[in-house]
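Biologist: I would like to learn how to read a model like this one. Where should we start?

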Amino acid sequence: MTIDKKIIAKRILPVVAGAGLGYAYYYFVGCRTGSCPISGNPYVSTLYGGLVGFVMAIPAKKKFRTDEANNKND
């Protein structure tokens with residue numbers, strides 16, 4: 001089974017990048033007391049960043065105009 005490189009670039013890399021940015025947010029900005037729900041725990045911030053990357057990787061549906069819609073204006 002071969003994995004297409006385009007699938008990796010479009011689906012997996014945004015999740016990995018989001019997780020990395022989530023951890024970076026914890027490391028550089030995070031809450032020192034631990035009372036913040038997202039930035040107080042490195043695991044939660046990493047998972048949250050990965051989730052945001054996953055949502056950004058979901059392809060948007062494209063709307064195509066049909067010929068009927070184009071011909072109504074004629």
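Modeller: Start with confidence. pLDDT is the predictor's confidence in each residue, from 0 to 100. The mean for the protein chain is 83, and 84% of its residues reach 70 or more. Where pLDDT is low, the predicted coordinates should not be read in detail.

Biologist: What are the ground rules for the numbers?

Modeller: This is a predicted model: local features need pLDDT of at least 70, side-chain atom pairs count only at pLDDT 80 or more, and totals for chains, interfaces and linings use all residues. Residues are numbered from 1 along each chain as its sequence is written, and side-chain values use heavy atoms, with hydrogens and water left out.

Biologist: How many helices and strands does the protein chain have?

Modeller: Helices (H or I, at least four residues) and strands (E, at least two) are DSSP runs, numbered from the N terminus. The protein chain has 3 helices and 0 strands. Its pattern along the sequence is α-α-α.

Biologist: How do I check the length of H2?

Modeller: Compare two spans. The expected one is 1.5 Å times one less than the number of residues. The 16 residues of H2 should span 22 Å, and its end C-alpha atoms are 22 Å apart, which agrees.

Biologist: Where does H1 bend?

Modeller: A bend is the angle between axes fitted to the seven residues ending at a residue and the seven starting there. H1 bends by about 40° at Ile12, and Pro14 follows within four residues.

Biologist: Which residues of H2 are buried?

Modeller: Buried means under 20% relative accessible area, exposed over 50%, and partly exposed in between (1.4 Å probe, protein chains only). In H2, Ser45, Gly49, Gly50, Gly53 and Ala57 are buried. Down the axis of H2, its buried residues fall within an arc of 135°, so they line one face of the helix. That arc is taken from the directions from the helix axis to the C-beta atoms. The face turned away from the buried side carries the exposed residues Tyr43 and Leu47.

Biologist: Which residues does Ser45 touch?

Modeller: Not counting residues up to four places away in sequence, Ser45 touches Gly22, Tyr23, Tyr26 and Ile38. Ser45 counts as buried because its relative accessible area is 2%.

Biologist: Which backbone oxygen does the Ser45 side chain reach at 3.3 Å?

Modeller: A polar contact is a pair of N or O atoms within 3.5 Å; within protein, one must be able to donate a hydrogen and the other to accept it, and residues adjacent in sequence count only if both atoms are side-chain atoms. At 3.3 Å, the Ser45 side chain reaches the backbone oxygen of Gly22. At 3.1 Å, this side chain also reaches the backbone oxygen of Pro42. Asn41 caps the N-terminal end of H2, with a side-chain oxygen 3.1 Å from the backbone nitrogen of Tyr43.

Notes:
Contact means heavy atoms within 4.5 Å.
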